[in-house]
Amino acid sequence: MIFIRHELRQGRNALILWTASIGFLIAVCILLFPEMKAQMEGVSALFASMGAFSRAFGMDKISFGALTGFYAVECGNILSLGGAFFASLTAASALAREERDRTAEFLLTHPVRRARVVLWKLASVAIELLILNLAVFALSIAAVAAMGEAVPWLELGLLHLACLLMQLELAGICFGLSAYLRRGSAGAAMGVACLLYFLNIAANLSPRVEFLKYLTPFGYADGAQVVSACRLDGGMVLAGMALGALGVAAAFLHYCRKDIH
């Protein structure tokens, strides 16, 4: 627990900044909804008729005039992208940071197996993601209540759950990547998140590459799809969790045997 507290203390500022930024932007979007509701009812039909562009962002499945549809696209994109970048950056630096900051020699001379070090770092990443998502969910519910609308608990709960699972998958993949990195990791983390995001857009655009949804966590965290179906795609979730688990397994296998510089 001492090690986990130390890791959380190191990432405290980044966690506060990302949580505050994502929560603030989502709250602003929600509070703007009453002013935009009347205009959005007419815009929904326009967006739904924009062919490939509508399919790419799921705007053909929802109505912007409804709170759930507006939340799925506007707030869902903020949460999914912001959470994905935070998860990727945090996980990709978890193990690489020790060599980058030259603290590995101090850490690994303690009478603790490397596997326990990896486990503690993985636990701290998961705790940070859980804190971020719980805080953002609470801010979202508070903003909806302050607006005077009835809270759509099922739709919002499923959307936030999908985003949490997506972040955990990305964290697992980037955590595995972190075991192979010695210096910088931010560029690699952002690259992984962006690549997987655009794979989902490509899968939405063409049925020929729809199988890509099973390779990207954004496939089952697509706000429009989650809200319109009111459920998560179990197959995609299982495939995503398997990919995340492979990343974690790679981290354990490689970091426990690698030469630390």
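**Entry 1**

The model I am reading is predicted. I then checked some of the cysteines. Cys163 is buried, with a relative accessible area of 0%. Cys174 is buried too, and its relative accessible area is also 0%. Cys230 is partly exposed, at 30%.

**Entry 2. Cys230**

I stayed with Cys230 and asked where it sits. It lies in the loop between helix 10 (223–229) and helix 11. Most residues other than glycine have a negative phi. Cys230 has a phi near 55°, a positive value in a residue other than glycine.

**Entry 3. The whole chain**

Next I looked up the elements. The protein chain has eleven helices and zero strands. From the N terminus on, I read α-α-α-α-α-α-α-α-α-α-α. The chain has 261 residues, and 46% of them count as buried.

**Entry 4. Helix 4 against helix 8**

Two packed helices are described by the angle between their axes and the distance between the axes. I looked up both values for helix 4 (residues 67–94) and helix 8 (residues 153–178). The angle is about 25°, and the axes are 8 Å apart. Angles under 35 degrees count as roughly parallel, so helix 4 and helix 8 are roughly parallel to each other. The crossing of helix 4 with helix 8 is right-handed. I sorted the residues of this contact by kind: 16 are nonpolar, nine are polar and one is charged.

**Entry 5. Helix 8 against helix 11**

I kept helix 8 and turned to helix 11 (residues 234–255). These two pack at about 30°, and their axes lie 6 Å apart. Helix 8 and helix 11 are therefore roughly parallel to each other. Helix 8 passes helix 11 in a left-handed crossing.

Which residues of helix 8 meet helix 11? I noted Leu165, Glu169, Gly172, Ile173, Phe175 and Gly176 on the helix 8 side. On the helix 11 side I noted Val237, Gly240, Met241, Leu243, Gly244, Gly247, Val248 and Ala251. The residues of this contact divide into eight nonpolar, five polar and one charged.

**Entry 6. Leu95**

I picked a loop residue next. Leu95 lies between helix 4 and helix 5 (96–100). Is Leu95 buried or exposed? It is buried, with a relative accessible area of 1%. I set aside its neighbours within four places in sequence and listed what Leu95 touches. The list is Val118, Lys121, Phe175, Ser178, Ala179, Ala251 and Tyr255.

**Entry 7. Glu128**

I ended on a glutamate. Glu128 is in helix 7 (residues 114–147). Buried means under 20% relative accessible area, and Glu128 is at 5%, so it counts as buried. What is Glu128 in contact with, leaving aside its neighbours within four places in sequence? I wrote down Glu7, Leu8, Gly11, Leu15, Phe86 and Thr90.

Notes
Residues are numbered from 1 along each chain as its sequence is written. This is a predicted model: local features need pLDDT of at least 70, side-chain atom pairs count only at pLDDT 80 or more; totals for chains, interfaces and linings use all residues. Side-chain values use heavy atoms; hydrogens and water are left out. Axes are lines fitted to C-alpha atoms, for helices over the stretch in contact, and angles run from 0 to 180 degrees between N-to-C directions. Helices (H or I, at least four residues) and strands (E, at least two) are DSSP runs, numbered from the N terminus. Angles under 35 degrees count as roughly parallel, over 145 as roughly antiparallel, 65 to 115 as roughly perpendicular and the rest as oblique. A crossing is left-handed if the near helix is turned anticlockwise from the far one by less than a right angle, and right-handed if clockwise. Ala, Val, Leu, Ile, Met, Phe, Trp, Tyr, Cys and Pro count as nonpolar, Asp, Glu, Lys and Arg as charged, and the others, Gly among them, as polar. Buried means under 20% relative accessible area, exposed over 50%, partly exposed in between (1.4 Å probe, protein chains only). Contact means heavy atoms within 4.5 Å.
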